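Take a slow look at this protein before reading on.

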Amino acid sequence: FTLPDSQVDPYNTVIAAEISDSIAEVTPGMGYKDPQKVIELHSRDAKLGGEETRYDRDGRYATNFISSVSPKNELMWYHYAHDPGNFAVSIEYSVASDDAGSNFNLSLINKDNSTGKQVLKGTIQPTNGAYKTFAVGNMTFRAGEAQMIIFGLNDDKSKNLKVRKLVLEKL
């Protein structure tokens, strides 16, 4: 096993491995020199905020978004836009019909420049327990800024929501 002489990616530690008789899968938008037309931000890659939020490895989802003042039960993704611009944002989740109805916020915070804050709002729709993807709105990502995307509910009604991922699609 050998490492390259120079860093392959300036923002992420990358290890290349040769896999025989198998195909390596890289999340769209996350590969080296990937044009980032579609970026999937999975719950497994998010920072879990709060004391109750949990990630289920078998189901590949985050859940238990119980309302609390501090710390808030939420998901936080760090995103550094290599390819800035406008992106359509959607969220994939599952929720029982009886648990649907909470309002949610999806916020973009530019850690390097507070003028870039954006907030999208929505309501959790019933999925009858199946995973479905819902469009939330559009966000603008600026180059060269450390950005955080935060998802949280406004109440406990949909606390059993199972969030699998956010999808960003370049417009």
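Start with two rings. Phenylalanine 65 and phenylalanine 151 are both buried. This is a predicted model. The centres of the two rings are 5.6 Å apart and their planes stand at 85°, so the pair is edge-to-face. The partners come from distant parts of the chain, 86 residues apart. Phenylalanine 65 belongs to the loop between β4 (61–63) and β5 (74–80), whereas phenylalanine 151 belongs to strand β10. A further ring joins in: ring pairs link Phe65, Phe104 and Phe151 into a cluster.

How many aromatic pairs are there by this rule? The count is four. Another of these is formed by tyrosine 93 and phenylalanine 134. Their centres lie 4.8 Å apart, with 20° between the planes, and the pair is stacked. Here too, distant parts of the chain are linked, 41 residues apart. Tyrosine 93 is in strand β6 (residues 85–94), and phenylalanine 134 is in strand β9 (residues 132–141). Are these two residues buried or exposed? Tyrosine 93 has a relative accessible area of 1%, so tyrosine 93 is buried. Phenylalanine 134 has 21%, so phenylalanine 134 counts as partly exposed. The cut-off matters here, because buried means under 20%.

The charged end of arginine 164 sits over the ring of tyrosine 131. The distance to the ring centre is 3.7 Å.

Now step back to the whole chain. Which elements build the protein? There are eleven strands and zero helices. Read from the N terminus, the order of elements is β-β-β-β-β-β-β-β-β-β-β. The protein has 171 residues, and 38% of them are buried. Take the contacts between residues at least 6 apart in sequence: 73% of these join residues at least 24 apart.

Serine 94 is in strand β6. Its relative accessibility is 5%, so serine 94 counts as buried. Look for lysine 162, which is 68 residues away from serine 94 along the chain. The C-alpha atoms of the two are separated by 5.1 Å. Leave aside the neighbours within four places in sequence, and serine 94 is in contact with Thr127, Gly129, Ala130, Tyr131, Leu161 and Lys162. Tyr131 in that list is the residue whose ring lies under the charged end of arginine 164.

Where is histidine 79 found? Its place is in strand β5. With 5% relative accessibility, histidine 79 counts as buried. Beyond the neighbours within four places in sequence, its contacts include Ile39, Phe141, Glu145 and Ala146. Gln147, Ile149 and Leu168 are also in contact with histidine 79.

Next, look at the empty space. Rolling a probe the size of a water molecule over the atoms shows where such space is left. The second largest pocket has a volume of about 340 Å³. Two elements, β7 (103–110) and β10 (146–153), each give two or more residues to its lining. Which of the elements gives the most? That is β10, with four residues.

Finish with the backbone. A cis peptide bond joins serine 70 and proline 71, with omega at about 0°. Proline 71 lies in the loop between β4 and β5. Asparagine 64 has its place in the loop between β4 and β5 as well. Asparagine 64 has a positive phi of about 75° although it is not a glycine. At 24% relative accessibility, asparagine 64 is partly exposed. Arginine 60, also not a glycine, has a positive phi of about 60°. Arginine 60 sits in the loop between β3 (54–56) and β4. Its relative accessibility is 45%, so arginine 60 counts as partly exposed.

Note on methods. Residues numbered from 1 in each chain as written. Predicted model: local features only at pLDDT ≥ 70, side-chain atom pairs only at ≥ 80, totals over all residues. Heavy atoms only, no water. 1 Å grid on protein atoms, 1.4 Å probe; cavity = no way out; pocket = protein on both sides within 12 Å on 5 of 7 lines; lining within 4 Å. Points joined across faces, edges and corners; volume = space filled by probe spheres on them. Phe/Tyr/Trp six-rings, centres within 6.5 Å; stacked < 30°, edge-to-face > 60°. Buried < 20%, exposed > 50% of the residue type's maximum accessible area, 1.4 Å probe, protein only. Lys NZ or Arg CZ within 6 Å of the ring centre and 35° of its normal. Contact = heavy atoms within 4.5 Å.
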